[in-house]
Amino acid sequence: MTKAEENVHVYDANLDGGSALQDFFEGDSLTVATRFFRNKVFFQQLEEVVIPQLLQGGLAHRKVVHIWSAGCSDGRETYSLAVAVRRILDQLGHKRIQLQLRGSDLSRPQLDRARKGVYRVGPSDNGVFRPYSDFFTQLSPALWEVKDSIRRLVEFVDEDIAKVVPDEPYDLLVCSLVLLYYEPNYQKEILLHLLTTLRVDGFFYVAPVSSRWMRTQGFKPVVNGMNLYHRDQAISSAE
Ligand SMILES: C[S@@+](CC[C@H](N)C(=O)[O-])C[C@H]1O[C@@H](n2cnc3c(N)ncnc32)[C@H](O)[C@@H]1O
């Protein structure tokens, strides 16, 4: 983790909603504070908990996983989700289950980078692609391209996550290091809106957030102390 990411809480800009948000995020160099497979434990939980439980809950019949990367910056998070979930489903023999991912952001320059799907990564990050070599092409020692088979699963949209109304509820929603820009009341407003977009048995990775507040909304962490949440009722059978 870089120094900037460690100190990400200092980015708290205490914003309210409104029309100036796009200007703020397009002018803010911190919107690039992102990386591939940022949280190892979360990606482990995708494999051990999220996908198995969604499959038990009927995903094998629905045949489409809907995933939203809310505040996706330059797309690294969205592509990480796409390749991780594709790989898990393939390994479990569910090659016919499709993925549909949405990556939303207010920063148009970041979204342009996301749509290109070409990334310069340092030598310390090269290793993260090893398990996913089927999904990336290494163009040069430091340059990696996301393959078309993954890019076509993802739609990148210039939009405010507080206003998105999805066609289908999400199986998995990830909102990482976004809310910290906002003042607390507006954070709650955004969170309440995000919760309405989730399937009843859906999973929500959100950080930072107060787990106590999440409990007041009927959600609890999949693993205590972690930022992956599930509706309390649905998770009780897994404990
Ligand atoms: C620090 S980056 C985090 C990127 C990624 N989620 C991660 O954890 O690696 C925060 C991103 O959230 C975006 N953002 C902030 N508020 C937003 C909003 N209301 N709607 C859409 N995107 C937003 C910013 O433009 C920025 O790209």
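**Around the ligand**

Residues are numbered from 1 along each chain as its sequence is written. As a predicted model, it needs pLDDT of at least 70 for local features and 80 or more for side-chain atom pairs, while totals for chains, interfaces and linings use all residues, and side-chain values use heavy atoms, with hydrogens and water left out.

**Polar contacts and cover** (a polar contact pairs N or O atoms within 3.5 Å)

- The side chain of T34 has an N or O atom 2.5 Å from an oxygen atom of the ligand.
- For G71, a backbone N or O atom is 2.7 Å from a ligand nitrogen atom.
- D160 places a polar side-chain atom 2.9 Å from a nitrogen atom of the ligand.
- On its own the ligand has 600 Å² of accessible area (Shrake-Rupley method, 1.4 Å probe), and the protein covers 100% of this.

**Confidence**

- The chain's average pLDDT (the predictor's confidence in each residue, from 0 to 100) is 89, and 91% of the residues score at least 70.
- Residues 1-10 have a pLDDT below 50, and this stretch has 12 contacts (heavy atoms within 4.5 Å) beyond near neighbours in sequence.
- Where pLDDT is low, the predicted coordinates should not be read in detail.

**A look at H193**

- Leaving out residues up to four places away in sequence, H193 touches I161, A162, K163 and V164.

Methods. A polar contact is a pair of N or O atoms within 3.5 Å; within protein, one must be able to donate a hydrogen and the other to accept it, and residues adjacent in sequence count only if both atoms are side-chain atoms.
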